[in-house]
Structures are given as C-alpha cells and as structure tokens.
Amino acid sequence: MRYCCTLLSSRAPATAARALSNVQRPLLAHAPRRYSSASRSKASQHLPPGSELAGKSNLTPRIHERLQHLRTRYADLNKRMSGDISDLGREELAKVSKDFSDTSQIIVPYNRLLELYGELIELQQMIDESKDQSLKALALDERQTALEDIATTERQIINGLLPKDQAESGGAILEIRAGTGGDEASLFSGELLRMYERHSQLRGWKFNTISSLEEGDRVKEATVEVSGRGVFGALMFESGVHRVQRVPATETQGRIHTSTVTVAVLPQATDVHIEVRESDLRIDVFRASGKGGQHVNTTDSAVRITHLPTGLAVENQQERSQLRNKEKAMQILRARLYDMERQKLDKERRASRNRLIGTGDRSEKCRTYNFAQNRVTDHRINLSLYDMEGIMAGASLQHIIDQLRIQHDLDELADMS
C-alpha cells in the first residue's frame with residue numbers, strides 16, 4: 001500500500017470504527033465455525049477463547065501475546081497505585097501515574113474484548129443447540145451486536161497501541177497548486193480550495209487564507225492555515241496529486257481533458273523553544289568604546305557572547321551596567337537562534353512538500369475525480385464513491401478520510417506485529 005504522504009498517526013473518530021466493521025469484517029457473510037483446541041493452528045495458540053468466532057480480526061496472535069503482557073503490567077501498576085505511595089518521589093509518582101493512565105487506555109477495552117469473546121461462546125452455543133427458533137433468532141441478533149461491539153473495541157485497542165504523534169492533534173498548513181492542464185487545472189484548484197473550506201466549516205475549523213494567486217475562479221496557487229483540534233491528523237492523507245477528468249467549459253467538441261492539482265498538507269509549526277546551555281557560550285567582557293563619559297574605557301561593561309555550536313556572536317555596550325549588557329546580548333542571541341531554527345523548519349517544510357506531491361505529472365495521482373462517471377477514486381486504498389456533488393461540497397469527503405485512516409492504522413499495526 002503506497003501513500004502520497006508520510007503518514008503519522010491521531011486517532012480516527014468513532015465513524016472510522018464503524019467503517020472498520022463494514023470494511024474489514026463481513027459480519028454475517030459466513031456462519032462462524034466452532035474449533036476444537038486440537039484443530040487450532042500453531043499460530044492461533046495465543047488467541048483467547050472465543051476470538052475464533054469473531055471472524056477476521058486485526059489483532060494477530062503476537063499482538064494478543066503483547067496485550068497479555070500489558071495486562072500483567074497493568075495489574076502491577078494498579079496494585080502499586082492502590083497501595084502506599086508515600087515512599088515515591090514526585091518524579092517517580094508522576095511517571096507511575098502516567099504509565100498507569102497510558103496502559104489503562106489499552107487494557108480497559110481489552111478486558112471488555114475478552115468479555116465479548118465470552119459472550120460469543122455462549123451465544124454460539126445457544127444458536128447451535130437451541131431448538132426454539134425465536135430464541136435462536138434472538139441469539140443471532142445478539143451475536144450481530146456483539147460482533148459490532150468487538151469491531152469498535154478492537155479499534156480502541158489499536159488506537160491505544162499505535163504511537164502518538166503530537167503534530168496530528170494540531171493545525172495544518174494547506175498548500176494547493178495547479179499542475180498540468182493549464183486553465184482547467186487552475187479552475188479545479190479553486191474548486192478543491194472551496195471543497196476544503198466547506199469541509200473545515202463542517203468540522204468547526206478555522207480556515208484562513210495566507211496567500212493566494214487568483215484570476216477570477218482560477219487559482220494558480222493558495223496557502224491556507226487551517227486551525228482546530230486534530231486538523232493535521234485528518235487532512236494529512238490529502239497530500240498528493242489530485243487528477244480531474246472532465247469536459248472543460250471551453251471544449252467545443254466534447255472531449256474529456258485530464259488535469260492535475262497538487263495538494264500538500266503540513267503540520268502547523270508551533271513556537272520553537274530555544275534552549276541555550278551555559279556550556280555552549282563563551283562570554284567576553286571588554287571596555288566600551290564611545291564618545292567619552294564616566295564609564296567609557298574605564299570599566300569592562302561591554303559584553304560579547306559567542307554561541308559555540310553555531311558560531312553566532314553578539315555584543316552589546318549600550319548600557320553602563322555589564323549585567324544589563326549581558327541580558328540584552330542574550331536577548332538578541334536568542335532571537336537570532338530562533339530565526340535560524342525557523343528558517344530550518346521552513347527549509348524542511350519545502351523539502352517535505354516536494355516529497356509529498358511528486359512532480360505533478362498526470363501519471364502520479366493519489367485520487368481521481370471523474371465528473372462524467374460521477375466517481376471519485378482514491379487509488380491508495382482502491383476506494384470509489386459515486387457522489388461527486390457530496391464530496392466537492394465537503395460533506396462526503398469525511399468518508400474517504402475515515403477509510404484512509406483505517407488503512408493507515410492497520411498498516412502501522414502490521415509493522416508492529
């Protein structure tokens with residue numbers, strides 16, 4: 001599975017969990033079989049009882065084994081937190097509390113999953129042995145509900161297991177540029193910009209244009225700041241080449257043209273905290289030079305500070321006090337280091353953008369919008385939706401985002417196991 005962007009991981013919303021049950025497991029497509037322990041394969045020996053009745057699962061035997069170890073650790077942490085903690089220092093107590101909180105986000109739903117497996121065993125036994133058709137029908141309904149609960153609970157466990165990326169919880173910088181296709185590419189670039197704006201409004205995000213090069217409805221390029229909780233985690237899958245196939249308004253012979261628009265979604269940079277260690281500084285003091293006065297050339301009030309790792313040097317002799325000159329020099333040095341770090345981030349952002357969107361050629365695409373067929377196809381997950389109006393209006397775009405999140409998380413989970 002190839003993505004058009006470097007994928008991180010924010011956890012998907014509840015709709016993604018429901019989508020997982022629809023996409024990953026045909027719930028009642030086949031009647032589940034009962035397995036004896038003798039017929040289980042070697043790979044399934046670590047699976048808890050009843051899990052084989054749930055059909056296809058995204059939790060492999062190795063992941064179940066890891067969850068059992070986490071379950072033991074959770075019990076130990078719970079015992080420690082419930083006992084006498086007076087002997088723990090502040091830092092150690094904070095660490096234990098965090099470990100307990102993080103582990104509980106995985107083990108609480110895992111314990112619920114084990115309970116659901118137990119319910120499946122009882123329900124399957126009732127379905128197999130009951131001669132009362134009404135009771136059997138009730139058990140089938142209950143099994144359906146249990147299977148859906150298992151899909152949702154698995155999703156919660158996967159979310160807990162996957163590494164967290166702080167960038168996904170913040171805002172994003174959205175860059176849209178017309179690729180190949182001339183005026184038609186610029187027209188579609190404007191339509192995509194409005195699609196994302198409407199989607200942001202539906203999600204309650206702030207959508208602020210930073211810069212834009214427009215000619216009427218044509219948008220050559222636009223840079224937008226999208227602010228809100230979880231923006232980057234949701235929109236990061238939009239990075240790539242978006243291909244449009246339709247008959248342009250200027251086409252007189254009805255021929256379908258193919259154009260492209262490149263989209264890059266980058267995490268919104270937060271303030272860069274500059275930490276300057278004393279060991280990285282060389283501080284020199286010298287006599288101030290000037291037109292004269294009581295302290296000029298009589299005291300070592302001037303200060304020069306050199307940041308050894310970067311070679312930056314700042315001096316100040318504005319004040320009569322050496323201490324004040326040192327404070328001002330440090331202020332200037334921090335500002336210059338901050339500016340250097342900002343420029344470094346901008347350079348990395350540009351490199352990231354080029355890596356995300358490719359060259360903009362028609363053959364490189366992550367999604368195709370075919371207006372004649374009313375079809376939008378995301379090639380990364382082979383998903384086609386026949387709802388062009390809903391997607392361009394920003395509403396149905398969420399369904400594509402959910403499916404991309406599901407596949408991304410499953411790929412991440414596969415790498416872990």
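Tutor: Let us begin with terms. Two strands pair if DSSP finds at least two bridges between them. Helices (H or I, at least four residues) and strands (E, at least two) are DSSP runs, numbered from the N terminus. This is a predicted model, in which local features need pLDDT of at least 70 and side-chain atom pairs count only at pLDDT 80 or more, while totals for chains, interfaces and linings use all residues. Residues are numbered from 1 along each chain as its sequence is written, and side-chain values use heavy atoms, with hydrogens and water left out.

Student: In which sense do S6 and strand S7 pair, and over how many bridges?

Tutor: Strands of a sheet pair through backbone hydrogen bonds, either parallel or antiparallel. Here S6 and S7 (residues 302-307) are antiparallel, with 6 bridges. Within S7, Val303 is the residue opposite Val285.

Student: What is the order of the open sheet of 3 strands?

Tutor: The order is S6-S7-S8, and the pairing is antiparallel. S6 (281-286) and S8 (312-316) are the edge strands; each has a single partner strand, so one side of each lacks a neighbour in the sheet. On average, neighbouring strands here are turned by 15° against each other, direction ignored. Such angles run from 0 to 180 degrees between N-to-C directions, and the axes are lines fitted to C-alpha atoms, for helices over the stretch in contact.

Student: What is the order of the open sheet of 8 strands?

Tutor: Its strands follow the order S2-S3-S1-S5-S4-S9-S10-S11, and the pairing is mixed. The edges are S2 (206-215) and S11, each with a single partner strand, so one side of each is without a neighbour in the sheet.

Student: Is S5 largely enclosed or largely open?

Tutor: The word "buried" means under 20% relative accessible area, "exposed" over 50%, and "partly exposed" in between (1.4 Å probe, protein chains only). Of the 11 residues of S5, 8 are buried, so the strand is largely enclosed by the rest of the structure.

Student: How many residues has the largest nonpolar core?

Tutor: A nonpolar core is a set of buried Ala, Val, Leu, Ile, Met, Phe, Trp, Tyr and Cys residues joined through side-chain atoms within 4.5 Å. The largest one has 36 residues, and those with the most contacts inside it are Leu174, Leu192, Met195, Tyr196, Val226 and Tyr369. Elements that each supply at least two residues of this core include strand S1 (172-178), strand S5 (257-267) and helix H9 (397-416). Helix H5 gives the most, with 5 residues.

Student: How should I describe two packed helices?

Tutor: Two packed helices are described by the angle between their axes and the distance between the axes. For H3 (residues 90-129) and H4 (residues 133-161), the axes come within 9 Å and cross at roughly 160°. Angles under 35 degrees count as roughly parallel, over 145 as roughly antiparallel, 65 to 115 as roughly perpendicular and the rest as oblique. H3 and H4 are therefore roughly antiparallel to each other. Their contact includes 18 nonpolar, 5 polar and 6 charged residues; Ala, Val, Leu, Ile, Met, Phe, Trp, Tyr, Cys and Pro count as nonpolar, Asp, Glu, Lys and Arg as charged, and the others, Gly among them, as polar.

Student: At what angle do the axes of helix H2 and H3 cross?

Tutor: They cross at roughly 130°, and the axes of H2 (residues 61-82) and H3 come within 8 Å. H2 and H3 are therefore oblique to each other. Their contact divides into 14 nonpolar, 7 polar and 5 charged residues.

Student: What should I note about phi?

Tutor: Most residues other than glycine have a negative phi. Asn374 has a positive phi, near 55°; this residue lies in the loop between S9 (367-370) and S10 (375-378). Asn374 is partly exposed, at 34% relative accessible area. Asn382 also has a positive phi near 55° and is found in the loop between S10 and S11. With 68% relative accessibility, Asn382 counts as exposed.
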